[in-house]
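Good morning, and thank you for the time.

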Amino acid sequence: MRNPADYIIFPLDVASRDAAEALAAELAGHVGMFKVGLELFIRQGPDLIRWIRSTTGTPIFLDLKLHDIPATVERAMAGVAALDVDLATVHCAESPRMLAAAVAGGGPTGVLGVTVLTSIAGEDLRRAGIIGDDGNGLERLVLHRAGMAHASGCAGVVCSAQEAGAIKARWGPDFLAVTPGIRPAWEGIGHQDQKRVMTPADAVRQGADYLVIGRPIREADHPADAARRVADEIGAALAGMASASE
């Protein structure tokens, strides 16, 4: 059984290097991976990635959500791989050729296809003309894009925990499901900018491999204590699953 803390991806969603370094130093050993997103990477650049790796030893998820012509994505992903990050993202809302190019450029870096952002609900997709009026259109779109990612050699996808179970059932345990939109049970499910949300325990029961949990940890008085509480919630769910399978 994995260590419960290893399921937690903590996004360093801050603007300054000082704030990012302080959080990384406090949370090293309490989370499984640090996520560096677009804002922080643009402001602080590759040097911060190198600092996180050398100082904390914690795996890194570079979440830039690449989306361009295949040749450009392949070259960009090669640059990402040169930073020695563990996971990186590319949007699935394009041709399978772009996904395959990302995988080719990524080398040892695991490429995750972003299916549909957890800030988006079915109504948003209908208004954008992406799906019709069928209420199940959002899940079908996520599964379709996950299938593209799988066929293109991606290591997994970013999806909501609501779709993780169906993805695992179709493509098996080795195809990663990384799930944002996670809110601890002790905090309560408040949506903020997320629309498809779930608790850590429920997400793990759905088969999620990694849970992206930011604000509940970042805004706590003691972030390391909040991370431990999340890990305890995950651990209880894992123990219950293990008992049920015996």
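I shall go from the nonpolar cores to the helices and strands around them, and then to some individual residues.

First, the basis of what I say. This is a predicted model, in which local features need pLDDT of at least 70 and side-chain atom pairs count only at pLDDT 80 or more, while totals for chains, interfaces and linings use all residues. Residues are numbered from 1 along each chain as its sequence is written, and side-chain values use heavy atoms, with hydrogens and water left out.

Let me begin with the interior. In soluble globular proteins, nonpolar side chains tend to be buried together. By a nonpolar core I mean a set of buried Ala, Val, Leu, Ile, Met, Phe, Trp, Tyr and Cys residues joined through side-chain atoms within 4.5 Å. Buried stands for under 20% relative accessible area, exposed for over 50%, and partly exposed for what lies in between, with a 1.4 Å probe and protein chains only. Which residues touch the most other members of the largest nonpolar core? They are Leu 27, Leu 62, Val 90, Ile 167 and Ile 217, in a core of 67 residues. Apart from this core lies another, of eleven residues, including Leu 87, Val 158, Tyr 210 and Val 212.

Contact here means heavy atoms within 4.5 Å. Leaving aside neighbours within four places in sequence, the contacts of Val 90 include Val 73 and Met 77, as well as Val 111, Leu 112, Gly 113 and Val 114.

Helices (H or I, at least four residues) and strands (E, at least two) are DSSP runs, numbered from the N terminus. H4, residues 70-81, has twelve residues and reaches 16 Å from its first C-alpha to its last, close to the 16 Å expected at 1.5 Å a residue; the expected span is 1.5 Å times one less than the number of residues. Its buried residues are Pro 70, Val 73, Met 77, Val 80 and Ala 81. They lie on the same side of H4 because they cover an arc of only 90° around the axis, the arc being that of the directions from the helix axis to the C-beta atoms. Against them pack strand S3 (60-66), strand S4 (87-91), helix H5 (96-106) and strand S5 (110-114).

How many residues of S5 are buried? Five of the five are, so S5 is largely enclosed by the rest of the structure. Gly 110, Leu 112 and Val 114 point one way from the strand, and Val 111 and Gly 113 point the other way. S4 and S5 run parallel and are joined by five bridges; two strands pair if DSSP finds at least two bridges between them. Within this pair, Ala 88 stands opposite Val 111.

I turn next to helix H11, residues 223-245. This helix has 23 residues and reaches 33 Å from its first C-alpha to its last, close to the 33 Å expected. Among its buried residues are Ala 227, Val 230, Ile 234 and Leu 238. The elements covering the buried residues of H11 include strand S1 (8-11), helix H1 (17-27) and helix H10 (215-218).

In helix H8, residues 161-171, the buried residues include Ile 167, Lys 168 and Trp 171. The buried residues of H8 pack against helix H7 (137-151), strand S6 (156-158), strand S7 (176-179) and H9. Just after H8, Gly 172 takes a positive phi of about 90°.

Two further residues, neither of them glycine, also have a positive phi: Lys 65, near 50°, and Asp 84, near 65°. Lys 65 is found in strand S3 and, at 28% relative accessibility, counts as partly exposed. Asp 84 lies in the loop between H4 and S4 and is partly exposed, with a relative accessible area of 47%.

Beyond four places in sequence, Thr 56 is in contact with Ala 24, Ala 28, Phe 34 and Trp 51. Trp 51, also found in H3, touches Arg 17, Glu 21, Ala 24 and Thr 56 on that basis.
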